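Dear colleague,

Please find the structure below, handed over for your reference. The findings follow it.

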Amino acid sequence: MLVAACATGRRLTRDELESRRAEGERAAEAGLSLRSLIREHLAAAQLVRPLPAPGPLLSAVEQAVDAFVEGYERAQQQAVRQEEAARREFIDDLLYGGSDLGRLAERAERFGLRLSQSHGVAVATGPEPYGDGYPVARGIESAVLARFPGRQILLTTKEGRLICVAPGDQPEVLAHFAKRAHAATDGGRVGIGRSHPGPGGVVHSYEEALNALDLARRMDLDGPVLHAADLLVFPVLTRDRQAMADLVESTLGPLRAARGGARPLLDTLTAYFDSGCVSTEAARRLSLSVRALTYRLDRIHTFTRADPADPLNRYTLQTAVIGARLLGWPDGDA
């Protein structure tokens, strides 16, 4: 090809350039080194002795190498897109259980996971949605992988959240991920599911992490890191949703008759229980005087016939308040 081009000084034909592109694609698919291939192109060019000037040869080499590299890069980009599509499909199946578990376990090894073991999942949310390739997400991933090199860790994004899957016997990985995610987002939250065995264990842990974040929103829970293991009482309380709704309505429903509705008195009970039933602390949280708080507690006793100071009544009231927060009462289900 070079000899023919140098003989007439012509440019390479369309078919010649396309053949170079096709060779580049085949070379990329075979996993050959681009550097060594270009070196071989230049070595072949040295065997040609153009007369009287090297101009046509250099032009032909430039065209040939440029077309070859174009084909090589095109094949690489296609491989990257296919790999990313396969990874996305695997992550969807992993987190939602939408595939045969045996086949899923085989595919997982390709991405560095052994699903025969137990795994835990942490889910991070931030002020802004996470996305693949975002600097914040890349920074957190780099920090975790640098801290735990060689570990079987999978980091990915899903629906604007950053997700970390790690072996169940290595809780320090998820703890470090949570620390980095909170620091990087200046106030983001992380839910951590319990460790569960087998391919379905990842789905279970992922759902627990999501539920922990949802509970934190509903219950106004403090703290940047929420462990599902610490919140097991809430799923228990809402397992029979109708029974909980009946308890809330029968216990707190009379508060609707109060001036201003149920919300101010419900907030009073929430602050009172959250402060350990310490009136001075509850009053401070509500920006009230202790006298005003005591008045509100008396009103609650009058409407509900349940005394917040009585141990048995207190348990019923507190359970009803938790249920109200979980169910979004009195404004409707959240």
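How do the residues of the lining of the largest pocket divide into nonpolar, polar and charged? They divide into nine nonpolar, three polar and seven charged; here Ala, Val, Leu, Ile, Met, Phe, Trp, Tyr, Cys and Pro count as nonpolar, Asp, Glu, Lys and Arg as charged, and the others, Gly among them, as polar.

Please note that this is a predicted model, in which local features need pLDDT of at least 70 and side-chain atom pairs count only at pLDDT 80 or more, while totals for chains, interfaces and linings use all residues. Residues are numbered from 1 along each chain as its sequence is written, and side-chain values use heavy atoms, with hydrogens and water left out.

The largest pocket holds about 380 Å³ of space. Its lining comprises 19 residues, of which N211, L215, L231, F234 and P235 are the closest to its centre. A pocket is an open set of points on a 1 Å grid over the protein atoms alone, where a 1.4 Å probe fits, with protein on both sides within 12 Å along at least five of seven lines; lining residues have an atom within 4 Å of a point. Grid points are joined across faces, edges and corners, and the volume is the space filled by probe spheres set on the points. Helix α8 (199-219) and helix α9 (233-237) each supply at least two residues of the lining, and α8 gives the most, with eight.

The protein chain has 14 helices and five strands, which are DSSP runs numbered from the N terminus (helices H or I, at least four residues; strands E, at least two). An open sheet of five strands has mixed pairing and the order β2-β3-β1-β4-β5; two strands pair if DSSP finds at least two bridges between them. At the edges stand β2 (154-158) and β5 (225-227), each with a single partner strand, so one side of each has no neighbour in the sheet. Strands β1 (residues 119-125) and β3 (residues 161-167) run antiparallel and are joined by six bridges. Within this pair, G120 stands opposite A166 in β3. Helix α8 also packs on the sheet, touching β1, β2, β3, β4 and β5, where contact means heavy atoms within 4.5 Å.

Two backbone details remain. The peptide bond from W329 to P330 is cis, with omega near 10°, and P330 is found in the segment after α14 (311-327). S287, although not a glycine, has a positive phi of about 55° and lies in the loop between α12 (279-286) and α13 (290-304).

Yours sincerely

Technical notes: Axes fitted to C-alpha atoms, helices over the stretch in contact; angles between N-to-C directions.
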